[in-house]
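Open the model in your viewer and keep the selection tool at hand. This tour goes stop by stop: what to select, then what is there.

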Amino acid sequence: MSGTSADEIRKHVKVYVMVFVALMVLTVATVGVSYLALSIPLAILVALIVATIKGSLVARYFMHLVGEKKAVTWSLMLTAVFFCLLMFLPLFATLDHIGQ
Amino acid sequence: MEIPYTVESREDTGLNNVKLGIWLFLASEVMLFGGLFSSYVLLRVGAETWPVGASILSVPIAAFNTVVLIASSVTMVMAWASLKMNDFGKFRLYLGSTVGLAVLFLVVKAYEYSDKFSHDLYPSESTFLAIYFTVTGLHALHIIGGIIVNGYFVGPGSKMWKTAPEQFTNRIEAAGLYWHFVDLVWIFLFPVLYLL
């Protein structure tokens, strides 16, 4: 990003404002959906989908991941793989029902 | 001897040290908070009963804090953009606002915590409260760290703008990446703890 001109930054500023508005709308949606009394699995799914969309907007536009160099995006993809392992591997500990 | 690639990019990766360094650090932070999210999942799946977050915690207060933190992310990126547009005055205003919003977040968090304590709701009370205080406490420590770093860059650290403006801008970009990550963690924490 060090080679970015002032004019390009001005275009980015418009994007930042639009992303901010989108994040506010999605925050209202997050809270609104919680009052719908959905079943727990559906509530979890909807909440995580909305949070992922919000997180993606922050990552893509505020953290400049759009057009970022491959070294960064590949490192993050590797991180995502290990994050998934971290989240799902411990669940195997409960699947054998030992102690229950 | 000067450290190479502090400001100029490496030919092979196209990155300077700051960019690569901060992203690798954030990758480690993903694993730190990921470990706690994983703990939350295991604890909840293994529990006989689990309270609805909204029955113990205040959703309006946390929603307000979510808006505050997202706004601070906007002011943080605007601070960097101001430096790219050579406007030091606006940079100081935006970064100062970021610090102010971060302090506001902590004040609201402190109110939430003290409200819980005044009703004898401590981490030892239940598994839900234990994981709630642990993960939001760790998040709050990260907010404090961000306040210290950003406060330094608003104050004495901003002298570098006169001597090495591109290096200073890179530092602000790195601080911004860290701050957006802290915001990202809260974007997931809020629905998971308060709404599910």
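Start with α1 of chain B, residues 17-46. Its buried residues are Val18(B), Lys19(B), Ile22(B), Trp23(B), Leu26(B) and Phe33(B). Buried means that 20 or more other C-beta atoms lie within 10 Å of the residue's own; 12 or fewer is exposed, in between is partly exposed, and the C-beta atoms are placed from the backbone. Helices here are DSSP runs (H or I, at least four residues), numbered from the N terminus; strands are E runs of at least two. Their cover includes α3 of chain A and α7 of chain B.

A word on the model and its labels. It is predicted: local features need pLDDT of at least 70 and side-chain atom pairs count only at pLDDT 80 or more, while totals for chains, interfaces and linings use all residues. Residues are numbered from 1 along each chain as its sequence is written, and chains are lettered from A and ligands numbered from 1 in the order in which they are written.

Stay on α1(B) and check its length. The helix has 30 residues and reaches 43 Å from first C-alpha to last, close to the expected 44 Å. The expected span is 1.5 Å times one less than the number of residues.

Next, select the interface. Chain B contributes 41 residues and chain A 37. Contact means C-beta atoms, placed from the backbone, within 7 Å. Which element of chain B gives the most to the side that touches chain A? It is α1(B), with 14 residues. By class, that side of chain B has 27 nonpolar, ten polar and four charged residues. Nonpolar covers Ala, Val, Leu, Ile, Met, Phe, Trp, Tyr, Cys and Pro; charged covers Asp, Glu, Lys and Arg; the others, Gly among them, are polar.

Now show α1(A), residues 6-34, with α3(B), residues 59-84. Their axes are 10 Å apart, at an angle of about 175°. Axes are lines fitted to C-alpha atoms, for helices over the stretch in contact, and angles run from 0 to 180 degrees between N-to-C directions. The two helices are therefore roughly antiparallel. That label needs over 145 degrees; under 35 is roughly parallel, 65 to 115 roughly perpendicular, the rest oblique. Residues to pick include Tyr16(A) and Phe20(A) on α1(A), and Val67(B) and Ile70(B) on α3(B). This contact has 16 nonpolar residues, three polar and one charged.

Move to α2(A), residues 40-62, and α7(B). Their axes come within 10 Å and cross at roughly 170°. That makes this pair roughly antiparallel too. Among the residues that meet are Lys54(A) and Phe62(A) from α2(A), with Asp183(B) and Phe188(B) from α7(B).

Then color the largest nonpolar core, which has 56 residues. Such a core is a set of buried Ala, Val, Leu, Ile, Met, Phe, Trp, Tyr and Cys residues joined through C-beta atoms within 7 Å. Its largest share, 18 residues, comes from α7(B). Ala79(B) and Tyr178(B) have the most contacts inside it. Click Ala79(B): leaving out residues up to four places away in sequence, it touches Phe91(B), Tyr94(B), Leu95(B), Thr98(B) and Ile172(B).

Just after α3(B), find Asn86(B), with a positive phi of about 65°.

Last stop: Cys84(A), in α3(A). Buried or exposed? Cys84(A) counts as exposed, with 11 C-beta neighbours inside 10 Å.

Conventions:
Two residues are in contact if their C-beta atoms, placed from the backbone, lie within 7 Å.
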